[in-house]
Amino acid sequence: MKMYDLIVLGAGSAARDGAAKAMKKYGAKVALVESARWGGSCPNVACKPTKAYLVVAELMRDINQIAGELGIEVGSARIDLERVKTRKDSLKKAQPKWVEDLNGAGFETYEGEATLVDSNTVRVGNEELSAARILIATGSRTAVPAIEGLDDIDWIDHVSALELTELPESLLVLGAGPVGLEFAQIFARFGTRVTIVQGADRISPRSDRQVAEELHAALEEEDGIEIVLSSTVQSVRRDGDELVASITPREGDGSRELRVAQLLLASGRAPNVEALRLEELGIEQDRAGMIIDEHMRTSVEGIWAAGDVTGRYQFTPIAQYQARIAIDDMFGDDGPAADYSVLPTAIFTEPELAGVGLTEQEARAQGLDYEAVVHELKYVQRSSYKEQKRGLYKVLFDPGSRRVLGLHVLAPNGGDIVQGFSLGLRLDATIDDLAAMHHVFPTFGEGVKAAAEQAMPEVVGMAEVTA
């Protein structure tokens with residue numbers, strides 16, 4: 001049996017950040033165990049490759065919809081999906097190179113499916129590894145919903161969609177969260193007829209409703225995407241070269257059949273825990289994933305968890321953040337507790353839907369006294385240069401203290417805008433601070449100042465363009 005200070009299950013963002021901190025800060029001897037994908041999802045099948053596709057989709061839109069209006073004669077752009085895939089593949093690190101780099105960094109790597117023997121022992125194939133500390137960071141995968149006939153068809157998800165070399169004529173996207181919305185827009189701009197079916201009564205249910213509804217309108221008007229809300233896919237079947245999906249409203253009548261070439265699942269994630277024997281060891285979990293406390297401890301002493309496997313805040317930076325907290329708790333005397341109170345997020349559609357702090361719905365549910373101000377994107381000078389018509393800036397604030405409670409943006413580079421302003425929320429900035437700040441002109445970011453100025457006793461108009 002090989003002995004380590006720490007065994008990390010997984011090789012994604014949480015796993016690698018945690019392992020690196022344990023070795024560099026605490027001098028730990030670390031083993032990394034991976035069964036499927038060295039490097040994890042983000043650089044291989046999620047963040048990095050999908051954003052490469054989004055760049056292509058945005059360029060397609062610019063060429064086909066606004067190039068002529070800007071005086072550029074290029075003709076109609078057509079996608080060569082095989083070449084797009086080839087370029088995407090060139091951006092990824094090869095699996096042997098991942099292992100070589102991890103070993104070169106001082107970790108010992110094991111390839112295979114890990115099983116927890118007890119709170120200090122991991123079995124990988126015929127080998128057993130032992131450590132006083134175990135970090136579970138095995139990530140998640142596409143959740144497969146219970147749909148009649150789904151097992152009999154070749155559905156795709158965010159992984160297999162990136163392997164297509166021929167563009168489907170039509171696509172049904174199941175789910176309107178970040179993955180579903182990004183892929184829907186990608187394929188719509190590539191030239192596919194896209195329909196989204198969403199069980200909730202709006203897209204992106206965790207976002208501010210008003211901002212999400214603005215994105216909904218943009219996707220329908222500018223990208224031609226059909227969005228079906230408050231509905232589920234009850235069954236699917238193959239009919240020749242097509243898939244036939246039965247779509248049923250959650251309430252009332254109006255069931256319909258939709259014929260498409262492909263079905264993309266994007267309605268949720270499932271933690272990768274089946275082989276770990278969590279129940280036998282008494283490690284608590286729920287439908288979302290492993291249950292952890294504010295120090296990433298599980299219900300069993302000596303075992304921590306971080307990242308997507310916990311089912312909470314499934315973002316790469318949060319996976320890294322959680323892993324670092326777990327390592328300090330393992331090796332340090334007084335590690336910090338996790339704090340998610342100021343957490344900027346973004347959906348990388350175009351325009352981007354980004355936010356930080358409370359949504360209006362959350363503020364209302366908490367019984368808070370709040371006010372909200374809004375500025376439309378079309379009145380920001382920068383929007384006129386690329387015919388940006390849909391978008392807005394929304395700021396929630398406490399009318400007494402004037403402290404900013406939430407900021408929500410639908411605009412190009414919305415994630416960058418919100419990321420910068422999130423520091424203001426952490427430092428208890430007021431709506432007056434935002435209104436009084438200097439800004440760069442012309443930028444998309446100035447819309448935040450313009451929104452804040454709506455809360456002033458005497459509204460001062462910024463440079464605007466005609467709607």
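The dialogue below takes up sheets, helices and aromatic contacts in turn.

Tutor: This is a predicted model, in which local features need pLDDT of at least 70, side-chain atom pairs count only at pLDDT 80 or more, and totals for chains, interfaces and linings use all residues. Residues are numbered from 1 along each chain as its sequence is written, and side-chain values use heavy atoms, with hydrogens and water left out.

Student: What is the strand order of the open sheet with mixed pairing?

Tutor: Helices (H or I, at least four residues) and strands (E, at least two) are DSSP runs numbered from the N terminus, and two strands pair if DSSP finds at least two bridges between them. Here four strands follow the order S1-S7-S6-S5. Strand S1 (2–4) and strand S5 (114–118) each have a single partner strand, so one side of each lacks a neighbour in the sheet. Neighbouring strands are turned by 30° against each other on average, direction ignored; axes are lines fitted to C-alpha atoms, for helices over the stretch in contact, and angles run from 0 to 180 degrees between N-to-C directions. S5 pairs with strand S6 (residues 121–124) in the antiparallel sense through four bridges, and Asp-118 has Thr-121 of S6 as its bridge partner.

Student: In what order do the strands of the parallel open sheet lie?

Tutor: The order of these four strands is S12-S11-S10-S16. Strand S12 (226–228) and strand S16 (262–265) are the edges, because each has a single partner strand. The twist from one strand to the next averages 20°. Strand S10 (residues 170–174) and strand S11 (residues 193–197) run parallel and are joined by five bridges, with Val-197 in S11 as the bridge partner of Leu-174. H6 packs on this sheet, touching S10, S11 and S16, and its direction makes about 165° with that of S11; contact means heavy atoms within 4.5 Å.

Student: Which residues of helix H4 are buried?

Tutor: An α-helix has 3.6 residues a turn, so residues three or four places apart point the same way. Buried means under 20% relative accessible area, exposed over 50%, and partly exposed in between (1.4 Å probe, protein chains only). In H4 (residues 81–90), the buried residues are Leu-81, Val-84, Lys-85 and Lys-88. Down the axis of H4 they fall within an arc of 100°, so they line one face of the helix; the arc is that of the directions from the helix axis to the C-beta atoms. These buried residues pack against helix H3 (47–66) and H6. The face turned away from the buried side carries the exposed residues Arg-83, Thr-86, Arg-87 and Ser-90.

Student: How many aromatic pairs does a search of the whole structure find?

Tutor: Rings of Phe, Tyr and Trp (its six-membered ring) pair if their centres lie within 6.5 Å; planes under 30 degrees apart count as stacked, over 60 as edge-to-face and the rest as tilted. The search finds seven pairs. Phe-183 and Phe-187 are stacked, at 6.5 Å centre to centre with 25° between the planes. Both lie in helix H6 (residues 178–190), four residues apart, and both are buried. Together with Tyr-53 and Phe-190, Phe-183 and Phe-187 form one aromatic cluster.

Student: Over which ring does the charged end of Lys-93 sit?

Tutor: A charge sits over a ring if NZ of Lys or CZ of Arg is within 6 Å of the ring centre and within 35 degrees of the ring normal. Lys-93 sits over Trp-98, 4.1 Å from the ring centre. Lys-29 lies over the face of Tyr-4, at 5.1 Å from the ring centre.
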